[in-house]
Amino acid sequence: MVVLKSVRPAISCSSFGFDGDQLVPLHKVSFVNLTLPASLLSVRLSSRNNAKLSLVQATKESSTASTNDSAAVFSGENLHQIATNGKATNIVWHKSSVGKVHRQEVLQQKGCVIWITGLSGSGKSTLACALCQALYSRGKLAYILDGDNVRHGLNRDLSFKAEDRAENIRRIGEVAKLFADAGIICIASVLSPYRKDRYACRSLLPEGDFIELELPQKGNNCASPCEMAEIVISYLEEKGYLQA
């Protein structure tokens with residue numbers, strides 16, 4: 001492990017700066033002063049030309065010419081994770097030393113997504129609340145992503161057009177993935193009639209961590225929300241989600 005010690009407060013990544021109260025162009029980008037072995041290499045990636053990578057020697061203090069409005073420096077261990085994703089470019093995935101397994105050990109449960117779908121008024125939210133309460137009574141941490149509730153905040157900019165409905169589900173799927181990665185049992189209660197949208201959310205998670213259960217009606221008797229919640233909990237116990 002190499003310990004990086006910054007002796008300056010920040011890194012400058014802009015090709016403009018202030019001279020008094022005037023904004024003036026800068027010809028160089030200055031980097032923090034690092035205490036590093038002379039042999040350590042870092043990688044400079046120009047956001048103007050993503051295809052060109054060059055190795056630069058990491059010295060005690062260095063600077064490089066700026067070819068456009070921004071520049072970035074990445075360590076060699078993150079090089080393989082530099083990517084272009086959608087409209088975002090030059091993004092890097094930073095891996096934490098505390099992972100999903102560690103968080104699950106703290107919570108004594110396994111993170112997953114329970115996806116509840118159905119028509120409006122079919123009782124999705126009622127079942128979600130009953131399931132959350134039943135898990136809470138067992139000392140397990142769960143969180144509900146309710147389709148209507150999410151539209152009050154995260155998805156408040158979306159309408160009910162077909163493309164916005166699909167985006168609504170995509171965003172909920174991405175948030176549910178984060179909850180599951182945190183070790184939390186995420187209950188998504190969403191009007192999501194199209195299998196392709198649900199499959200896209202399923203594909204975000206490891207095999208088995210996206211749970212879409214079918215709770216059939218027995219004859220003319222309709223199970224209560226609490227009874228259905230117990231069926232789901234029995235499944236979670238059987239699959240080992242209620243222990244680390």
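**Reading a helix, a strand and a pocket**

The buried residues of α2 are K124, L127, A128, A130, L131, C132, A134 and L135.

Biologist: I am new to this model. Which residues of α2 are buried, and how should I read such a list?

Modeller: Keep in mind that the model is predicted. An α-helix has 3.6 residues a turn, so residues three or four places apart point the same way. Here the buried set includes L127, L131 and L135, as well as K124 and A128.

Biologist: What do the buried residues of α2 pack against?

Modeller: They pack against the strands β10 (112-116), β11 (142-146) and β12 (185-189), and also against α6 (225-238).

Biologist: How many Å should α2 span?

Modeller: Its 14 residues, at 1.5 Å a residue, should span 20 Å, and the end C-alpha atoms are 20 Å apart, which agrees. After α2 comes G139, with a positive phi near 80°.

Biologist: Now β12. Which of its residues lie on each side?

Modeller: In a regular strand the side chains alternate between the two faces of the sheet. In β12, I185, I187 and S189 are on one side, C186 and A188 on the other, and all are buried.

Biologist: Does β12 run parallel or antiparallel to β10?

Modeller: Parallel, with five bridges joining the two; W115 stands opposite A188. β11 also runs parallel to β12, again with five bridges, and A142 has I185 as its bridge partner.

Biologist: How much space lies in the second largest pocket?

Modeller: Rolling a probe the size of a water molecule over the atoms shows where empty space is left. The second largest pocket holds about 460 Å³. Of its 24 lining residues, S120, R165, V190, L191 and S192 are the closest to the centre. α4 gives the largest share of the lining, five residues.

Terms used
Residues are numbered from 1 along each chain as its sequence is written. This is a predicted model: local features need pLDDT of at least 70, side-chain atom pairs count only at pLDDT 80 or more; totals for chains, interfaces and linings use all residues. Side-chain values use heavy atoms; hydrogens and water are left out. On a 1 Å grid over the protein atoms alone, a cavity is a set of points where a 1.4 Å probe fits but cannot get out, and a pocket is an open set with protein on both sides within 12 Å along at least five of seven lines; lining residues have an atom within 4 Å of a point. Grid points are joined across faces, edges and corners, and a volume is the space filled by probe spheres set on the points. Helices (H or I, at least four residues) and strands (E, at least two) are DSSP runs, numbered from the N terminus. The expected span of a helix is 1.5 Å times one less than its number of residues. Buried means under 20% relative accessible area, exposed over 50%, partly exposed in between (1.4 Å probe, protein chains only). Contact means heavy atoms within 4.5 Å. Two strands pair if DSSP finds at least two bridges between them.
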